[in-house]
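Thanks for coming. I have one model to go through today, so please look at the screen.

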Amino acid sequence: MPAKCAAPRATAHLSQEYRTPAWEQRKVQDVADRFDNLRIPVAANLRVHGKTPYYGANGIQDYVDGFTHDGEFVLVAEDGANDLKNYPVKCVNGRIWVNNHAHVLQGKAGIADNSFLAFAISQSDIESLLVGGGRAKLNAETLMSIEFRLPCLQEQHQIGEYLTRLDHLITLHQRKYDGCANPLFLERRISCRKPSHQNRCSATTTPSG
């Protein structure tokens, strides 16, 4: 499965080590290209099973054979986002298949780091930019007009690496939490603590992974 460099679900204030006064106000269209023209939606019953992640608005929906994009990209939900406040923005790397519910961006070479671009977009007030009723939509023109502050490329790389490490740490702790909250895990802990002449546990069972 391709490596991910997703914008962190929870972020901390960046320390002065990662910030300088020389950040420029830019629009997404100034620093990134859009590859929505390569997207191909495929109905579930028509997909050929494979190893390529099939992305929709909220992330991976399936694994299929073939791909629509190859490289490092930033995926931004176009419509059907399940969380409008923590809007789905994801940086992915490798061969992927994207349907028509996610915009596909790529930072321009020598100008924008994709990981930083994903973070910057995720920090924008996207909810206020959506149109439509029950299925809110982020139009391509609106996405490309989002403004944010952009440091030099070297600083973008540093910040992107910092945020990626932070996201990996959050994911690790979330997995541990999910494992502890698993009903099977709790049942095993309780059963080990019950006094029994036939079955005793000398140590608390821990979840694998």
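E3 and E4 make a hairpin, with 2 residues between them. Strands and helices here are DSSP runs, at least two residues of E for a strand and at least four of H or I for a helix, numbered from the N terminus. The two strands, E3 at residues 49–56 and E4 at residues 59–64, run antiparallel and are joined by 6 bridges; for strands to count as paired, DSSP has to find at least two bridges between them.

Before I go on, the model is predicted: local features need pLDDT of at least 70, side-chain atom pairs count only at pLDDT 80 or more, and totals for chains, interfaces and linings use all residues. Residues are numbered from 1 along each chain as its sequence is written, and side-chain values use heavy atoms, with hydrogens and water left out.

Now the chain as a whole. There are 5 helices and 8 strands, and from the N terminus the order is β-α-β-β-β-β-β-β-α-α-β-α-α. Of the 209 residues, 40% are buried. Buried is under 20% relative accessible area, exposed is over 50%, and partly exposed is in between, with a 1.4 Å probe and protein chains only. Taking contacts (heavy atoms within 4.5 Å) with a separation of 6 or more, 71% are between residues 24 or more positions apart. The chain exposes about 12,400 Å², and carbon and sulfur atoms supply 50% of that; the areas are from the Shrake-Rupley method with a 1.4 Å probe, and for residues only the protein chains shown count as cover.

On to the interior. A nonpolar core here is a set of buried Ala, Val, Leu, Ile, Met, Phe, Trp, Tyr and Cys residues joined through side-chain atoms within 4.5 Å. The largest has 31 residues, and among those with the most contacts inside it are Tyr 87, Ile 121 and Phe 148. Elements giving two or more residues to this core include strands E5 (69–77) and E6 (89–98) and helices H2 (114–122) and H4 (153–181). Which element gives the largest share of this core? That is H2, with 6 residues. Leaving out residues up to four places away in sequence, Ile 121 touches Val 28, Val 76, Val 89, Leu 105, Ile 126 and Leu 143. Another core lies apart from it and has 8 residues, including Leu 75 and Val 92.

Next, charges. A salt bridge is a side-chain nitrogen of Lys or Arg within 4 Å of a carboxyl oxygen of Asp or Glu, and by that rule the count is 8. One of them pairs Asp 70 with Arg 95, with the closest N and O atoms 3.4 Å apart. Asp 70 is in strand E5 and Arg 95 in strand E6, so this pair ties together parts 25 residues apart in sequence. Both ends are partly exposed, Asp 70 at 46% and Arg 95 at 47%.

Glu 78 and Lys 137 also meet in a salt bridge, at 3.5 Å from N to O. Glu 78 is in the loop between E5 and E6 and Lys 137 in the loop between H2 and H3, so the parts tied together are 59 residues apart in sequence. Glu 78 is buried at 10%, whereas Lys 137 is partly exposed at 32%. Through shared partners, salt bridges join Arg 39, Glu 78 and Lys 137 into one network.

Last, the cysteines. How many disulfides does the structure hold? The number is 0, with a disulfide taken as a pair of cysteine sulfur atoms within 2.5 Å. Cys 91 is buried at 0% relative accessible area, and Cys 152 is partly exposed at 39%.
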